[in-house]
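Colleague: I would like to learn how to read a model of this kind, one feature at a time. Could we go through it together, with the general idea before each case?

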Amino acid sequence: MQKKSMFFLAVAAMSGVNALAGGLLTNTNQNAAYVRQMSQNGIIGLEGMYANPAGTAFLSNGWHLTLNSQSAWQQRNISTTFPLFAFNAKDPGAATHEFRGKASAPVIPSFSLSYNQDKWSVNAHFALIGGGGKCEFNKGLGSFEALVGGNIATGIIESIATGYAQQAIPAYMAQGMTMEQAQAAVAGPAKEYAVGAFGANPTNYLKGYSMNSTMEGRSYYFGLQLGATYKFTDNLAGFLGVRGVYGTCSYVGNVMDINYTTAAGSASAPGIALDCDQAAFGVTPIIGIDWKINEHWNVAAKYEAPTMMNLKNTSELSDAAKVMSQDPTSPLAQFRDGEKVREDIPGILAVGAQYSPIETIRLSAGGNYYFDKQAKKFGDKQNLLDYNTWEVNAGVEYDCCKWLTVSASWQSTQYGLSDASMNDLSFNNSNNMVGAGVRIHATDRLDIDLGYMHTFYQDRTVVSKTAVGDKTDVYSRKNEVIGVGVTLNL
């Protein structure tokens, strides 16, 4: 019972809470300007410090500073259908249960700073480049409950098989077999009979079960980027920089008060729990180039190398979990106190262009490619992906008057997650995002950005085969972000 139930803790601790936008472990919304206009890969401006850092070379001489804050609200909902759910005493007869997770990040700060002097500029950028919130499942997860119910059923099936074997072994021995030979001969038929008998009418054996479970996870990856740009010509500039990343994650989960009733009577199982904090530091080299072709066109590209992250555990496990964690083949081995868990941030290739047909209108388009399959994960989970994440975007800005710019944008993100890589906590859904907002030119030196972004996710259905029937999970998400930013040009 304990060993199988504890698997949910492995699922929990291998996943992050990504409350923002981008690849599997990458946030692309680094400021309020992104919220209102997501296509930033080819723009020229301080707001492009993350998406197009080379473009900052074309800012005017002097200091440029932007301060931003975003707020994100997200729901992660899983509708799980499993035959044994009908025996849950808290919701008898219902084979489908809803598990709702709420993630919130009320304050997501960031800043960018650049000092430009003729051909050179030096700059800095700070933001949450991964994670960004806390997610709570007050009823636990479907995988928790399915494992508890499945373990109870396994015990019942083993009991039925034992009874069958006890009756069949004498008949085999009467044919001249030894006890050992009879036990070996009856093992297969006994298991087959037990599975069939339980599956045909489980109510003859299982009367009900109950449990209490919760799960809470948070994930923050802070990034401080330092770099410099150089204008090779009046129209061509390059960027070279590095980002230091500090990642901190926390996962607290438990399954308690496990009780069940079978035809043989009532019983209980010991509660299980995990409290795990993780931390790591990594370094990301970055290069970029921007070509300001003329007053109408600008094109740019950026590449970020993969970031090696070895998350070190500081863990408190229940007694049973501690024993299991000593087994190097156990999934709990990775959660021993002091253990390091590989969770690399993928490399990114970003390209984009901006076209201005007239001075007051700017049209943008671009794309990002995330090298997820090349980013090492604990247990080589990256090999479960079908393909790398990719996304495309487009946006428009219009200076409707001297003091106001309005904007709107769209982005589509496609994840290469296979069915095998989807689970309750570490799932992503392909999506389309729309954003809109304004930039207020309060003075010649002060701009204010206000933006709103909404994500439309595509539901994903995954069917898993189990010994007691199919388990079907329908994964869905909701996401909203607002942002406000202030930019100073000194």
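Colleague: What share of the 490 residues in the protein is buried?

Modeller: A residue is called buried when its relative accessible area is under 20%, exposed when it is over 50%, and partly exposed in between, using a 1.4 Å probe and protein chains only. By that rule, buried residues make up 51% of the 490 residues in the protein. Please keep in mind that this is a predicted model, in which local features need pLDDT of at least 70 and side-chain atom pairs count only at pLDDT 80 or more, while totals for chains, interfaces and linings use all residues. Residues are numbered from 1 along each chain as its sequence is written, and side-chain values use heavy atoms, with hydrogens and water left out.

Colleague: Which elements have the lowest and the highest mean pLDDT?

Modeller: The term pLDDT stands for the predictor's confidence in each residue, on a scale from 0 to 100. Its mean over the protein is 89, and 94% of the residues reach 70 or more. Helices (DSSP runs of H or I, at least four residues) and strands (runs of E, at least two) are numbered from the N terminus, and the protein has 6 of the former and 18 of the latter. Among these elements, helix 2 (residues 7-13) has the lowest mean pLDDT, 39, whereas strand 8 (residues 297-304) has the highest, 98.

Colleague: Where does Ile156 lie, and in which helix?

Modeller: Ile156 belongs to helix 4, which covers residues 142-174, and with a relative accessible area of 9% this isoleucine is buried. A contact means heavy atoms within 4.5 Å; leaving aside residues up to four places away in sequence, Ile156 touches Phe198, Tyr205, Leu206 and Thr262. Ile156 and Thr262 are 106 residues apart along the chain, yet their C-alpha atoms are separated by 8.0 Å.

Colleague: How many disulfides does the count come to?

Modeller: A disulfide is a covalent bond between the sulfur atoms of two cysteines. In a model we look for a pair of cysteine sulfur atoms within 2.5 Å, and by this rule the count comes to 0. For Cys249, the nearest cysteine sulfur is that of Cys276, 8.9 Å away. For Cys400, the nearest is that of Cys401, at 4.4 Å.

Colleague: Are these two cysteines, Cys249 and Cys400, buried or partly exposed?

Modeller: Cys249 counts as buried because its relative accessibility is 1%, whereas Cys400, at 35%, counts as partly exposed.
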